[in-house]
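Dear colleague,

Please find below the structure that I am handing over to you. My findings follow directly after it.

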Amino acid sequence: MRRSGASDSQVVNNFFTFASIVLISITIILYSNYFSQEENILKIEKLPCELDTFTKVSLLDLNLLKKSQKALNKGYYKVEGSYLKLENKSTIEDVVKLSSLNSYYESLIGVKPKKNIEKYLKIRYELIEKDEKNKNSDRLSAGTLISSFRINSKELLRFESDFKFMYENAIKDRIECSIKVYKNYVKN
């Protein structure tokens with residue numbers, strides 16, 4: 001005797017197919033609404049100093065970066081620097097002192113930092129000394145300056161730029177560029 005209608009296995013198969021389609025649709029909708037936040041790509045033209053050497057800028061929080069300008073202008077900032085030296089035959093400390101670079105940052109900003117403050121913009125920079133004998137790279141570089149602008153340990157902007165020669169003026173040129181880039185991003 002023949003049954004007219006769908007067999008039990010077809011009903012189960014159709015149910016699981018329908019359930020799979022519903023789950024995939026819900027997943028796509030949730031992902032597109034909550035996880036795939038397409039940011040408006042910020043079109044900020046590079047400054048001439050960024051074109052001098054290899055320079056990479058990462059903008060991580062534009063809204064907070066714009067607010068950080070007020071703190072900087074009022075002196076609510078701290079400058080903190082460090083070296084990443086070669087293990088043997090390091091010359092970077094002989095070329096430039098961190099205290100000199102801290103003073104240079106302050107002179108570029110134009111406002112002395114306030115003392116004993118709890119909330120502030122931290123300008124953290126690191127000088128990375130590169131081995132001149134290492135010719136794996138096609139770029140001429142004696143080292144790299146990485147400047148990071150942070151509020152409450154949250155990084156807002158990261159500036160990374162090579163300096164071609166191990167001279168104090170070359171390093172100060174990269175520092176000046178980092179401040180110009182910061183101000184350019186705040187302005188735009």
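**The hairpin and its sheet**

Asn152 takes a positive phi near 50° in the hairpin of strands E4 and E5, which has two residues between the strands. The model is a predicted one, in which local features need pLDDT of at least 70 and side-chain atom pairs count only at pLDDT 80 or more, while totals for chains, interfaces and linings use all residues. Residues are numbered from 1 along each chain as its sequence is written, and side-chain values use heavy atoms, with hydrogens and water left out. Helices (H or I, at least four residues) and strands (E, at least two) are DSSP runs, numbered from the N terminus.

E4 (residues 143-151) and E5 (residues 154-163) run antiparallel and are joined by nine bridges. Within this pair, Arg150 has Glu155 of E5 as its bridge partner. Towards E3 (residues 121-129), E4 again runs antiparallel, with nine bridges, and Leu127 stands opposite Leu145 of E4. Eight of the nine residues of E4 are buried (under 20% relative accessible area, with a 1.4 Å probe and protein chains only).

The open sheet consists of five strands in the order E1-E5-E4-E3-E2, with mixed pairing; two strands pair if DSSP finds at least two bridges between them. Because E1 (55-59) and E2 (77-84) stand at the edges with a single partner strand each, one side of each is left without a neighbour in the sheet. From one strand to the next, the twist averages 10°. E1 is joined to E5 by five bridges, and these two strands run antiparallel. Thr55 has Ser161 in E5 as its bridge partner.

**The helices on the sheet**

H3 packs on the sheet and touches E1, E2, E3, E4 and E5 (contact means heavy atoms within 4.5 Å). The direction of H3 makes about 85° with that of E5. H6 also packs on the sheet, touching E1, E3, E4 and E5, and its direction makes about 145° with that of E5. Axes are lines fitted to C-alpha atoms, for helices over the stretch in contact, and angles run from 0 to 180 degrees between N-to-C directions.

The axes of H3 (residues 62-74) and H6 (residues 168-187) come within 9 Å and cross at roughly 115°. In their contact, residues of H3 including Leu62, Leu65 and Leu72 meet Tyr182, Tyr185, Val186 and Lys187 of H6.

Yours sincerely

Methods: Buried < 20%, exposed > 50% of the residue type's maximum accessible area, 1.4 Å probe, protein only.
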